[in-house]
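This report goes through selected features of a predicted model.

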Amino acid sequence: MAIMAACMVVLPMMDAIAKYMATFETMSPGQVTFYRFFFQFLALLPIAFFVPGAIRGGKRPWMNLLRGALHAAASLMFFMAVKYMPLADVFAIYFVEPFMLTMMSALFLGEKVGWRRWLAIAIGFGGAMIVIQPSYEIFGWTALLPVLCAFLYTLYLFLNRAIGDADSPLTMQFVAGVGGTLFMTAGLFAGHFIYPVEFEASLPSSGLGLVLLIILGSLSGYVHLLVVRAFRMAPLSLLAPFQYFEIISATVLGYLLFADFPTASKWLGIAIIVASGLFIIWRERARVKQISAEPPLG
């Protein structure tokens with residue numbers, strides 16, 4: 001839980017860099033996403049070289065490549081959204097992802113979710129709608145990109161659980177970096193003909209831009225190593241709500257770097273989402289204590 005909370009505070013720095021590159025360096029979201037995975041691959045390469053099997057892709061290379069493609073697609077949706085929308089707004093809408101994750105863990109992994117948590121999920125979705133409605137009126141379909149990102153990232157997290165302990169977190173992230181880079185290479189080529197504004201290929205226009213892209217890739221590689229580790233230590237339904245910590249960093253960075261600050265109605269929606277998530281955490285802890293207190297059978 002501590003690992004997950006710390007990672008969620010740091011991760012919005014990546015999205016702030018992506019927004020900076022799109023707004024101040026005029027780099028397309030597709031190109032930013034490519035560099036995010038390319039530099040993740042380079043950052044992990046020296047370590048992966050000394051780990052047996054990491055370079056070869058481990059025991060499940062194709063699933064790890066698919067993880068990378070899903071993560072790249074989710075990142076692309078998110079980076080396209082932050083190009084036009086405030087960071088806090090995008091994160092608030094994206095926070096339907098923990099609810100999706102909790103629901104899918106109950107439906108497909110058999111993790112027990114009681115009626116109180118189902119109610120909290122429904123209320124949390126209502127809070128997300130409070131944020132989405134004014135954003136949709138201002139930004140149109142762009143406001144729904146974080147929802148698509150949330151769905152793709154949920155599938156990515158499910159693959160993390162499906163792979164289980166077959167490969168080390170380092171192997172998973174290294175091969176995912178390869179998969180994301182290959183996916184975005186194809187995406188840049190296809191997007192150039194379909195939607196050139198969002199997929200224009202370019203090099204960094206400044207030294208600062210290059211440094212920021214290297215930081216972006218390095219952060220993504222090493223922080224997600226810790227995320228994978230956290231999900232091996234605790235159930236999905238327990239860790240999912242900790243992603244709400246991202247709203248703290250996102251709001252602070254959005255205000256300091258881009259002068260963006262949520263309106264009163266959006267704060268209401270955010271408060272409802274966070275309260276629902278905290279209730280889910282409390283119910284999970286109460287359930288675990290109840291199970292541990294039950295006498296053994298036989």
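## Helix α5

Which residues in α5 are buried? They are Leu 87, Ala 88, Asp 89, Val 90, Phe 91, Ala 92, Ile 93 and Tyr 94.

One packing partner of α5 is helix α8, made of residues 145-163. Their axes are 8 Å apart and meet at an angle of about 50 degrees. The crossing of α5 past α8 is right-handed.

## Helices α3 and α9

Helix α3 (residues 29-48) packs with helix α9 (residues 169-194). The angle is about 150 degrees, and the axes are 8 Å apart. Angles over 145 degrees count as roughly antiparallel, so that term applies to α3 and α9. Their crossing is left-handed.

His 192 belongs to helix α9. This residue counts as partly exposed because its relative accessibility is 46%. Between the C-alpha atoms of His 192 and Thr 251 the separation is 33 Å, and the two residues are 59 apart along the chain.

## Salt bridges

Side chains of opposite charge can pair when their charged atoms come close. The structure holds 2 salt bridges.

Asp 89 and Lys 266 form one of them, with an N to O distance of 2.3 Å. Asp 89 is in helix α5 and Lys 266 in helix α14, so this pair ties together parts that are 177 residues apart in sequence. Both Asp 89 and Lys 266 are buried.

Glu 198 and Lys 83 also form a salt bridge, and their closest N and O atoms are 3.5 Å apart. Glu 198 lies in helix α10 (residues 196-199) and Lys 83 in helix α4 (residues 61-84), so the pair links parts 115 residues apart in sequence. With a relative accessible area of 1%, Glu 198 is buried.

## Nonpolar surface patch

A nonpolar patch on the surface is formed by Val 9, Phe 245, Ile 248, Val 252, Tyr 255, Leu 256, Leu 257, Phe 261 and Trp 267. Together these residues have about 880 Å² of accessible area. Helix α13 (residues 246-258) gives the most to the patch, with 5 residues.

Phe 261 sits in the loop between α13 and α14, the latter helix covering residues 264-293. Phe 261 counts as exposed because its relative accessibility is 51%, and the cut-off for that term is over 50%.

Key
Residues are numbered from 1 along each chain as its sequence is written. This is a predicted model: local features need pLDDT of at least 70, side-chain atom pairs count only at pLDDT 80 or more; totals for chains, interfaces and linings use all residues. Side-chain values use heavy atoms; hydrogens and water are left out. Patches are made of residues with over 30% relative accessible area and no salt bridge: like charges are joined within 9 Å, nonpolar side chains (Val, Leu, Ile, Met, Phe, Trp, Tyr) within 5 Å. Accessible areas come from the Shrake-Rupley method with a 1.4 Å probe; for residues, only the protein chains shown count as cover. A salt bridge is a side-chain nitrogen of Lys or Arg within 4 Å of a carboxyl oxygen of Asp or Glu. Helices (H or I, at least four residues) and strands (E, at least two) are DSSP runs, numbered from the N terminus. Buried means under 20% relative accessible area, exposed over 50%, partly exposed in between (1.4 Å probe, protein chains only). Axes are lines fitted to C-alpha atoms, for helices over the stretch in contact, and angles run from 0 to 180 degrees between N-to-C directions. Angles under 35 degrees count as roughly parallel, over 145 as roughly antiparallel, 65 to 115 as roughly perpendicular and the rest as oblique. A crossing is left-handed if the near helix is turned anticlockwise from the far one by less than a right angle, and right-handed if clockwise.
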